[in-house]
Number of protein chains: 2
Amino acid sequence: MSFIEKLQWRAAVKKFDPTKKITATQLDSLLSAVQLAPSSYGLQSYKVIVVQDAKTKEKLRAVGYNQPQITDSAALFVFASLTTIDEAFGKKFIDLVAQTRSVERESLEGYEQVILGTLNSRTDEQKVAWSHKQAYIALGVLLSAAADLGVDAGPMEGFDQEKFDEVLGLKEKGLTTSVIAAVGFRADDDKYSQMIKVRRPKEELFIHI
Amino acid sequence: MSFIEKLQWRAAVKKFDPTKKITATQLDSLLSAVQLAPSSYGLQSYKVIVVQDAKTKEKLRAVGYNQPQITDSAALFVFASLTTIDEAFGKKFIDLVAQTRSVERESLEGYEQVILGTLNSRTDEQKVAWSHKQAYIALGVLLSAAADLGVDAGPMEGFDQEKFDEVLGLKEKGLTTSVIAAVGFRADDDKYSQMIKVRRPKEELFIHI
């Protein structure tokens with residue numbers, strides 16, 4: 001299957017087969033894809049909580065409009081933005097760049113100033129909103145990687161953000177939930193994956209100049 | 001190359017080779033990927049302006065911090081959110097669902113009420129912010145599809161949103177720019193694609209529960 005055919009195969013699965021587990025290799029590929037997703041300046045100002053524990057999934061389902069895919073999927077990916085994206089965070093990122101590329105930290109001073117300038121020009125609220133959007137890029141890459149592997153992945157925005165943060169202890173970790181995705185395998189009788197996919201025609205979606 | 005290897009190959013290309021054009025087949029694959037990207041309720045409350053016209057790209061570069069990839073890339077993808085996401089929009093979407101799946105419109109009434117309820121519970125500003133996030137999922141899918149095809153694609157947030165809207169006449173079209181991506185082929189001497197990719201280690205990025 002081509003990548004496009006794989007994207008056609010993917011669906012917003014609502015009914016997962018709870019007996020089908022994801023292999024360690026499949027999970028690691030998905031983590032690699034998320035890790036490789038680009039973000040503004042490369043900051044990756046989010047973390048991803050991968051929930052496989054049944055009890056935690058039960059608690060999340062209770063604050064996620066009781067949606068069965070939260071418990072029946074093999075893993076729930078919870079994208080969460082950092083809540084403090086400050087100078088110290090920017091400087092630590094430059095440390096990581098220097099270390100990864102084995103370059104003198106001083107040679108990155110210009111890059112550091114650009115990043116710190118951006119961070120300092122925004123309010124905390126703006127930075128978290130910005131960071132949520134970066135998490136959505138990573139979500140798009142996760143969904144693509146899952147389709148490539150033949151693993152089902154359904155993004156979800158229907159959950160109580162504050163209560164998700166509470167169940168996962170995110171506030172204490174300096175995090176807040178951005179968006180979630182249920183990852184696993186569709187049940188044979190999942191009706192959503194059997195429906196014809198609805199998409200706007202290209203003539204409507206694209207404007208060519 | 002596996003999909004993960006392709007994501008490793010991809011880079012935030014800054015210097016494109018302006019002589020390398022994208023083929024119609026490659027471009028159509030990218031458009032198909034963006035079209036297939038999921039969005040909340042499937043609403044696709046955005047459009048994508050694909051700019052290949054040299055003069056328009058020049059004008060956009062002038063309001064995009066003079067970044068050369070705006071003019072040197074083969075195509076600039078401008079994701080733009082609708083500015084009016086109202087009941088009429090929600091109802092037209094249900095028309096599309098009924099038509100695509102050849103079902104009675106009445107059978108979709110429950111789904112329609114859920115969508116209209118969500119739309120009516122949010123301010124215009126909240127809806128546009130929400131829609132921008134959906135565009136970022138499509139951006140993530142575009143970047144994935146480009147990597148799969150061996151086409152370079154670099155997302156960019158550094159541009160003057162209001163002036164982008166002005167150059168592209170988006171306000172009159174009921175649109176506002178979300179995020180952009182330069183698509184094309186890296187120049188042999190693009191230094192960014194030759195650098196070691198910086199990513200946070202998995203132990204830092206992921207929390208397993």
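Me: Which residues does A:Leu142 touch, leaving out those up to four places away in sequence?
Reply: A:Leu30, A:Ala33, A:Val34, A:Phe77, A:Ala153 and A:Ala181, where contact means C-beta atoms, placed from the backbone, within 7 Å. The model is predicted: local features need pLDDT of at least 70, side-chain atom pairs count only at pLDDT 80 or more, and totals for chains, interfaces and linings use all residues. Residues are numbered from 1 along each chain as its sequence is written, while chains are lettered from A and ligands numbered from 1 in the order in which they are written.
Me: Which residues have the most contacts inside the largest nonpolar core?
Reply: A:Leu142 and B:Leu142, in a core of 102 residues. Such a core joins buried Ala, Val, Leu, Ile, Met, Phe, Trp, Tyr and Cys through C-beta atoms within 7 Å; buried means 20 or more other C-beta atoms within 10 Å of a residue's own.
Me: Switching to H7(B). How many residues does helix H7 of chain B have?
Reply: 26, residues 124-149, spanning 37 Å from first C-alpha to last, close to the 38 Å expected at 1.5 Å a residue. Of these, 20 are buried, so H7(B) is largely enclosed by the rest of the structure.
Me: What comes just after H7(B)?
Reply: B:Gly150, with a positive phi of about 75°.
Me: And E4(B), which strands are joined to that one?
Reply: E2 (residues 75-82) of chain B by 8 bridges, antiparallel, and E3 (residues 152-156) of chain B by 5 bridges, also antiparallel.
Me: Why is E4(B) described as largely enclosed?
Reply: Because 9 of its 10 residues, 175-184, are buried.

How values were computed
A residue is buried if 20 or more other C-beta atoms lie within 10 Å of its own, exposed if 12 or fewer, and partly exposed in between; C-beta atoms are placed from the backbone. Helices (H or I, at least four residues) and strands (E, at least two) are DSSP runs, numbered from the N terminus. Two strands pair if DSSP finds at least two bridges between them. The expected span of a helix is 1.5 Å times one less than its number of residues. Two residues are in contact if their C-beta atoms, placed from the backbone, lie within 7 Å.
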